[in-house]
Amino acid sequence: MTETAGPEKVASAEQIGLSAREAQATPPRDEASWARKVDRLEVDQREGVRGTNVAGRRLTGPVQGFGKMWQKTYRMKAGSQIEPQHAIAVWKEHFPEFWPKGNRFAGALTGINPGDVALLDLALGGGVKLSTGVFVLYADQESFTLMTPQGHMFAGWITFSSEKEGDETIIQALVLMRANDPLYEAGMIMGGHAKEDKFWAATLIALGQRLGVPDPQVHTTTTCVDSKRQWRHARNIWHNSAVRSVFQPPRRSQKASAENK
Amino acid sequence: MSAPAITMDVRRFGDSVAVVDIKGEVTASCEPVLMSAYEAAGGTNKLVLNFAGLEYMNSGGIGMIVTLLVRANRQRQQLAAYGLSDHYREIFELTRLDEAITIYDSEESALDGVVR
């Protein structure tokens, strides 16, 4: 996670002699890094993914999730030669290429920018694909954050960032999440957490290899931030994209069906 | 992680309400400052965050506020906020934090609201 992000640090309004009114009129320097407010997601069809369970969905943060709240950090040391901005630029530009095989991420053609919606097909095993999406909540030169919609496995966000610790560049993914509903919570207990850990470790290693990190290693830290389940959100199960994906035809069939009309 | 460019001062209103004046940048690196302000506000059951001095916040900062919210909920403390500019109020709405942290326009209305 970065402390300094986006444009170069600037002095406070007081330091540069702005009046309170002028300071109010000056846009905050993080403004361009945040997505504009959306109530429900809108998305166009993308090649290579089914594209279901996203349009019309609301975003879900940790407040709206059901399960225990977890913070997971996946960290990789990248040596002293790679600058954090370069690591993040490569990650943003080639984000889908670092995902483990069998999973697809169809983002906007322009890369990862605040407000973009990406469509995902995730391998659940047994040939079943979970179709969902993510929303780019925040993006600057040293970090970017994806937030999940209703029906996704988890409610929360994941921040990808890079920073210098002494001479060493650290690259990390930080997940702050609750399972979205009781079914996902059961799934997380029965191997879901391990699968997720493996997913992000593999992603970081693939990024490290692209950046030329010799023998990239990922260190995982997991903290239970809140052990209470939020039973008032159990009804999130109505939107469960895994269940819905099982009953939705695969993309090829949809295309064939459209062609047959 | 670099040193946090932030200060948080705690003002108490009686035994039950504390206001935390946040000035500077809210990022992941401000966790120690935020948590020590939270400790300083210990013993109250209503915590009001004053964001009028907020200069910058990234997604790590929003994560910190979620963590604070969890702590407050665990202690059965009510969390409220005021002083958010339109930009930061929109971020609270976008991340749906406003569903758990009541947002007020001023300190007066926040204190009225939490005491009621």
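I call a residue buried when 20 or more other C-beta atoms lie within 10 Å of its own. A reminder to myself: this is a predicted model.

**Helix α1 of chain B**

I began with α1(B), residues 31-40, and found B:L34, B:A37 and B:Y38 buried. Looking around the axis, I saw that these residues cover an arc of only 100°, which puts them on the same side of α1(B). Next I checked what the buried residues pack against, and noted β1 (6-13), β2 (17-26) and α2 (59-74) of chain B. On the face turned away from the buried side I found B:P32, B:S36 and B:E39, which are exposed.

**Helix α2 of chain A**

Then I moved to α2(A), residues 84-93, where A:P84, A:A87, A:I88 and A:W91 are the buried residues. Seen down the axis, they fall within an arc of 95°, so they line one face of the helix. I located the exposed A:Q85 and A:E93 on the face turned away from the buried side.

**Where the chains meet**

Last, I looked at the contact between A and B, which takes 28 residues from chain A and 26 from chain B. On the side of chain A that touches chain B, β5 (128-139), β6, β7 and β9 (218-226) each supply at least two residues.

How values were computed: Residues numbered from 1 in each chain as written. Chains lettered and ligands numbered in written order. Predicted model: local features only at pLDDT ≥ 70, side-chain atom pairs only at ≥ 80, totals over all residues. Buried ≥ 20, exposed ≤ 12 C-beta atoms within 10 Å, placed from the backbone. Helix = DSSP H or I, 4+ residues; strand = E, 2+ residues; numbered from the N terminus. Arc of directions from axis to C-beta. Contact = placed C-beta atoms within 7 Å.
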